[in-house]
Structures are given as C-alpha cells and as structure tokens.
Amino acid sequence: MSRTVYLNGEYLPEEEAKVSIFDRGFLMADGVYEVTSVLDGKLIDFDGHAKRLERSLNELDMASPIGMEDLLAVHRELVRLNDITEGMIYLQITRGAPDDRDFVFPDPDKVPPTIVLFTQNKPGLADNPAAKKGIKVISIADERWGRRDIKTVQLLYPSMGKMMAKAAGADDAWLVEDGKVTEGTSNNAYIVKDGKIITRNLSNDILHGITRAAVLRFAREARMEVEERPFTIAEAQAADEAFITSASTFVMPVVEIDGTPLGDGTPGPVATRLREIYLEESRKTAS
Ligand code: PDD
C-alpha cells in the first residue's frame, strides 16, 4: 500500500513526491536526518530528536525550513495518515536544489532547503525476537569523516560496514579508531563489566545518541554504575555483557564480538533489564 509522505509542506502519495536531480542531498550528501521511533502510535523522545536536528542544522549553517512545533505536528499527522502503531519516522533536510552543481553553498535566500519525512511501518518493533537472542558484531576500522556528532546523510561507510558484517555472518559492525571502539555503524556501543556500564564519552567522534542519553539516565536512576570512556575490542570481548542502543533497536544485547562469545553467549541481565526499563519509561513519556 502506498504511503503518504511529506515533501516541502505537502502531504503526497509516495509516488508523487519528487525532488530535483540538482538537490544537494543527492549530489553532495549535503543534508541531515533524524529517525524517531513510534510505539503505541506515539513518538518516542521527539524533543531530543528535534533538538539534535537543530544542532546538526546549525553546525552546517543550514536554515531550518520548519519550526519545531510544526515539525511535531507533521510527525503526528504522518503517524495518523499512515496508521502507524509501531515503526519509525524518517526525516531529512538538505540544503536544497540550486540550478546547477556547485561546491559553493547556494544563497539560502534564493534556494530553500528540501524537507522530506516518511513513515516506516514496523509491527513488532518493541517485541523484536533479536532482543531475546542477541546480535553478533564484528570490528572494522572507523573510516568515516571527523564530525560524527552531526547526523548527516553520508551513510556510505556505515552501509559498507553492515555489508562487511553480513559477509562475515554477523549482524552489525563496531567501528574502531586508534585502537578504541567509537560506536556501531548506526548505534552507540556499550560493555558491562562487574555490573558497571561502560560507553564512549561524547565528543565529535560519535553521534550523541538520543537513546544513549535516555538509557544512561535510566541506568543512573536505577543506581547502576556508568563510566563514560573509550574501550578496546579486547576489553569488550572480556566483558560480561555488551549491547547497542538506537532509536530503531532501543537496547539490543550483543552476544558475540569478532567470533568471541560474551559470557555464556546469551543476552545478559543488565542489557535485558535496561531494554525493559527503556521501553517502559519511554512509552510513559511518548508524545
Ligand atoms: N542511527 N550512532 C550512529 C552512527 C547512528 O547512526 C545512530 C542512529 C546512533 C544512535 O542514535 P539514536 O539513539 O539517537 O537513534 C548512534 C539511526 C537509528 C539510523 O541511522 O537509522
């Protein structure tokens, strides 16, 4: 069934939503995005995603084509029009479509940004069977650009990482730079040792995950110990547990790293408990 999508102020059937071949998102990956999950027909952590979007736009000197309140209304309308109970909303804003290809940014007064939103219907997102089994990851070199704190649409290397994982019989890849894990291809990475949750500290090296912020808050509220620092793959392989977080996976246990099983090779109690807490608490504040 055809979705209704949002393009530059209009709700359209997906087949009718077209953007220019000169759009800088297409030609230069000059765009930013957000993914917000939907549970019970409500948005999870919309404010966090909206704030990060504003920050990404600011960092790239890009104008926002929409106020954050209107953006919330568009998200809700797409959920309603497409009858989404569980799934995701994808949002992308690019620097728009000038008349020709040029490395120089176009004048924002002459070229408006392009804004696109669409829904992804994912029944069973919260009850994902993978969370009961856990996922396997491999490690690969982090060969992305240096501003990973900005959520840009430059997703070629993360896509290549997922393909490398698939070719190795794994589910995803963790990225390693200067001997330390930065994050997953599309998620933040954590290990658990002697009850302590360890995850890389925030910097330009990683995306500041909205799920990460919530999970660390819930962990601290539940009196779990949290340490924000880089860790190596060897330390991760010797950990009791590991997991990833993102808007599409919530908290997902990792049970194997580069072929080494963690603990007994099944999801650990900390990751399992954090997933429960995260789903329970974020449903309460969903909007
Ligand atoms: N990815 N790190 C990277 C590189 C990511 O792409 C993502 C999100 C995260 C987690 O951020 P959050 O908790 O705000 O979703 C961390 C989204 C889900 C995606 O690209 O589909």
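**View 1. Two domains make up the division of the protein chain.** The centres of domain 1 and domain 2, taken over C-alpha atoms, are separated by 26 Å. Domain 1 covers 4-121 and domain 2 covers 130-285. These bounds come from an automatic or database domain assignment. The model is predicted: local features need pLDDT of at least 70, side-chain atom pairs count only at pLDDT 80 or more, and totals for chains, interfaces and linings use all residues. Residues are numbered from 1 along each chain as its sequence is written, and side-chain values use heavy atoms, with hydrogens and water left out.

**View 2. Domain 1 and domain 2 bury area between them.** The contact (heavy atoms within 4.5 Å) takes 22 residues from domain 1 and 20 residues from domain 2. About 1900 Å² is buried, 61% of it on carbon and sulfur atoms. Buried area is the accessible area (1.4 Å probe) that two parts lose on being put together, summed over both. On the domain 1 side, Tyr33, Leu39 and Arg52 lose the most area to domain 2. Together they give 31% of what that side buries.

**View 3. Salt bridges cross the interface of domain 1 and domain 2.** The rule finds three of them. A salt bridge is a side-chain nitrogen of Lys or Arg within 4 Å of a carboxyl oxygen of Asp or Glu. The side chains of Glu59 and Arg147 form a salt bridge, at 2.9 Å from N to O.

**View 4. The largest pocket lies between the domains.** Domain 1 and domain 2 both give residues to its lining, so the largest pocket lies between them. Its volume is about 750 Å³. A pocket is an open set of points on a 1 Å grid over the protein atoms alone, where a 1.4 Å probe fits, with protein on both sides within 12 Å along at least five of seven lines. Lining residues have an atom within 4 Å of a point. There are 35 of them here; Tyr33, Lys151, Leu155, Thr185 and Ser186 are the closest to the centre. Helix H5 (156-167) is one of the elements giving two or more residues. H5 supplies the largest share, five residues.

**View 5. The second largest pocket has a volume of about 330 Å³.** Of its 16 lining residues, Ala130, Ile135, Asp171, Thr249 and Met252 are the closest to its centre. Helices (H or I, at least four residues) and strands (E, at least two) are DSSP runs, numbered from the N terminus. Helix H4 (130-133), strand E7 (135-141) and E13 each supply at least two lining residues.

Note on methods. Points joined across faces, edges and corners; volume = space filled by probe spheres on them.
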